[in-house]
Amino acid sequence: MAETIDTIDAEENSAAEVEGAAEETGRKGGVDDDVLVKEGDIAGDYLERLLDLLDYDGDIDLDVEAGRAIVSIDGGEDLEKLVGPRGTILEALQELTRLAVQQETGSRSRLMLDIAGWRADRREELRELGRSTAETVVSSGERVRLQPMSPFERKVVHDAVAAVDGVKSESEGEDPKRRVVIFPA
């Protein structure tokens, strides 16, 4: 009965990771925005060179949000090819970009890459899945186990479930088969 999810996305935005990144940069309470802007600039340069090599058009936008650099590529007609099935190519490009940033800064990066708005659209799908599944659990009184997801996907679903009264959610299992379970509160 439960809708399914395919694994596609990046790391969970947890407080522990933010603190870990802060320790790596020698700052307490979070990563400094200047450090994140520098990460975004390095990532933007790396991705611009990649787009040039591929002869793809795209506009690169850099932002800082929730303690991480956000890099978006939009505007080119070939960009969908860089997303791949269920975001697999996007995931690989994100990891390569993180490695390029790490090589230059010496610190692990948590930057998030979005191409052609795919992650933003996926986030909306996951919010709707979490909300609708939570409402189903409220009406049926039975727990629902979703398909395995990435940490990022699970966080989006947990946040959506938390907004619905009468239900709660937990993650169970080990990665890469870790999944969200939604049950009556």
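In the predicted model, I60 stands opposite I73 of strand β2. Strands here are DSSP runs of E with at least two residues, helices are runs of H or I with at least four, and both are numbered from the N terminus. Residue numbers start from 1 along each chain as its sequence is written, and side-chain values use heavy atoms, with hydrogens and water left out. As this is a predicted model, local features need pLDDT of at least 70 and side-chain atom pairs count only at pLDDT 80 or more, while totals for chains, interfaces and linings use all residues.

Strand β1 (residues 59–65) runs antiparallel to β2, and seven bridges join the two; strands are taken to pair if DSSP finds at least two bridges between them. Two residues lie between the strands of this hairpin, in which A66 has a positive phi near 50°. Six of the seven residues of β2 are buried, so that the strand is mostly covered; buried means under 20% relative accessible area, exposed over 50%, and partly exposed in between, with a 1.4 Å probe and protein chains only. With β3, strand β2 pairs in the parallel sense, over four bridges, and V71 stands opposite L113 in β3. Between β2 and β3 the chain passes through α3, in a right-handed β-α-β crossover. Right-handed means that, with the strands pointing away from the viewer, the path from the first strand over the helix to the second runs clockwise.

Among the buried residues of α3 are L90, L93, T97 and V101. The buried residues of this helix pack against α2 (33–54), β2 (68–74), β3 (112–115) and α4 (118–140), where contact means heavy atoms within 4.5 Å. I89 also belongs to helix α3, but I89 is partly exposed, with a relative accessible area of 36%. Leaving aside residues up to four places away in sequence, I89 touches K81, L82, V83 and G84. After α3 comes G106, with a positive phi near 85°.

The largest nonpolar core has 18 residues, and I73, L82, L111, L113 and I115 have the most contacts inside it. Such a core is a set of buried Ala, Val, Leu, Ile, Met, Phe, Trp, Tyr and Cys residues joined through side-chain atoms within 4.5 Å. Two or more residues of this core come from each of α2, β2, α3 and β3, and α2 gives the most, with four. Another core, of 17 residues, lies apart from it and includes M112, V144, M149 and V180.

A three-stranded open sheet has the order β4-β6-β5, with antiparallel pairing. β4 (144–145) and β5 (167–172) are at the edges with a single partner strand each, so one side of each has no neighbour in the sheet. Six bridges pair β5 with β6 (residues 179–184) in the antiparallel sense, and S171 has V180 in β6 as its bridge partner. Helix α4 packs on the sheet and touches β4, β5 and β6, its direction making about 35° with that of β6. Helix α5 (residues 151–162) lies across β5 and β6, at about 165° to β5. Axes are lines fitted to C-alpha atoms, for helices over the stretch in contact, and angles between N-to-C directions run from 0 to 180 degrees.
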